[in-house]
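Work through the exercises below with the sequence and the model at hand. Try each task before reading its solution.

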Amino acid sequence: MSKLRVGILGATGMVGQRFISLLENHPWFEVVAVAASPRSAGKSYEQAVADRWKMTTSMPEAVKNLTVLNVNDVKTVASNVDFVFSAVDMTKEEIKAIEEAYAKTETPVVSNNSAHRWTPDVPMVVPELNPEHLEVIEAQKQRLGTKRGFIVVKPNCSIQSYTPMLHALRQYQPKVVVATTYQAISGAGKTFKDWPEMMDNVIPYIGGEEEKSEQEPLRIWGHVENGQIVKAESPLITCQCIRVPVTDGHTAAVFVSFEKKPTKEEILRAWKEFKGLPQELELPSAPKQFITYFEEDNRPQTALDRDTEKGMGVCAGRLREDTIYDYKFIGLSHNTKRGAAGGAVLIAELLKAQGYLTTK
């Protein structure tokens, strides 16, 4: 089977680098084009990144000598690829425009960016939770005037530390959720080397993050109606989002009440048995066990558990009854693997499996 040719928009940034790392030796996809800002264009990828490579693994040999293209030269980039991953660092309006420009060249866009998360006919997908939302792609193509070009986005990295656990319990109708997320510095595209102020420090504010964490799960749980995603009305979610001195891994402390209160045993069984379409299809990046529960009181921990299922699984622990809400628990997900680039790669695998991604 010939591999689909992939371009990465914003390839020199942290999420772009994670895409490069995750796609090395991928069975279905091959990175053939890297694009970034005009100041990087014309250089080899290795020269453009230089000492800013932030992954713990080495830069793949296959990309070192690729010439970085100007991300704004849409036709040139699009002519070399079957689809693109987008991780560009621009204003929201610029991102909206450039992603639509790529889609209109009949080049599908799988985006890590937030710009199109609330565009009514753009599906925002966690493949295990709402793959049915992909059906709005046909309506989006009609709006864009395309035959194979479209945009799909992934949600905010923080919500994946708790939303999957709640999704697995939807039969019990969660009605109120209080969540505090403790978010790693890589979520801001940083390492301790370039953000030393985060050492021995906690910052109780991340711009725009609380609104995203409260609203995006409702879009995930929404439904398709007349070619658009209509968000769910419940549960009521309130969040606080805090930056903590951790390299990778977003942790969530969650309180939840249900319309139909389950037993602890029912919750644990639902988490253990939950599977989604990626598991059924055995997609290359899909975790075999999507939700892993830890019995130990001091787990999950970022350093020990963020790489569960190669960073594509989500972790839970400390489930217990609460004195005000029905239950409380701790969640954890790897924010740059499951939460960002890895989640987008899994979306692309699902799109390919369902026939949305093909060779040009």
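The model is predicted, so local features need pLDDT of at least 70 and side-chain atom pairs count only at pLDDT 80 or more, while totals for chains, interfaces and linings use all residues. Residues are numbered from 1 along each chain as its sequence is written, and side-chain values use heavy atoms, with hydrogens and water left out.

**Exercise 1.** State the order of the six strands in the open sheet and find its edge strands.

*Solution.* Helices (H or I, at least four residues) and strands (E, at least two) are DSSP runs, numbered from the N terminus. Two strands pair if DSSP finds at least two bridges between them.
- Step 1: the order is E3-E2-E1-E4-E5-E6, with parallel pairing.
- Step 2: strand E3 (69-70) and E6 each pair on one side only, which makes them the edge strands.
- Step 3: inside the sheet, strand E4 (residues 83-86) runs parallel to strand E5 (residues 109-111), and three bridges join them. Ser86 has Ser111 of E5 as its bridge partner.
- Step 4: helix H5 (residues 92-103) lies across strand E1 (4-9), E4, E5 and E6, at about 150° to E5. Such angles run from 0 to 180 degrees between N-to-C directions, with axes fitted to C-alpha atoms, for helices over the stretch in contact.

**Exercise 2.** Describe the surroundings of Thr146.

*Solution.* 
- Step 1: Thr146 sits in the loop between helix H6 (137-144) and strand E6 (151-153).
- Step 2: its relative accessibility is 10%, so Thr146 counts as buried (under 20% relative accessible area; exposed is over 50%, partly exposed in between; 1.4 Å probe, protein chains only).
- Step 3: contacts (heavy atoms within 4.5 Å) beyond four places in sequence are Ala103, Lys104, Glu106 and Lys141.
- Step 4: the Thr146 side chain also reaches the backbone oxygen of Gly149 at 2.6 Å.

**Exercise 3.** Which strands pair with E11, and why is E11 largely enclosed?

*Solution.* 
- Step 1: strand E7 (residues 174-183) pairs with E11 in the antiparallel sense over eight bridges.
- Step 2: strand E14 (residues 327-333) and E11 are antiparallel too, over seven bridges.
- Step 3: Val256 of E11 is the bridge partner of Val177, and Val256 also stands opposite Tyr327 in E14.
- Step 4: E11 is largely enclosed by the rest of the structure because eight of its nine residues are buried.

**Exercise 4.** Is Thr251 buried or exposed?

*Solution.* 
- Step 1: Thr251 belongs to strand E11 (residues 250-258).
- Step 2: Thr251 counts as buried because its relative accessibility is 16%.
- Step 3: residues that Thr251 touches, beyond four places in sequence, include Ser161, Thr180, Thr302 and Ile330.

Technical notes. A polar contact is a pair of N or O atoms within 3.5 Å; within protein, one must be able to donate a hydrogen and the other to accept it, and residues adjacent in sequence count only if both atoms are side-chain atoms.
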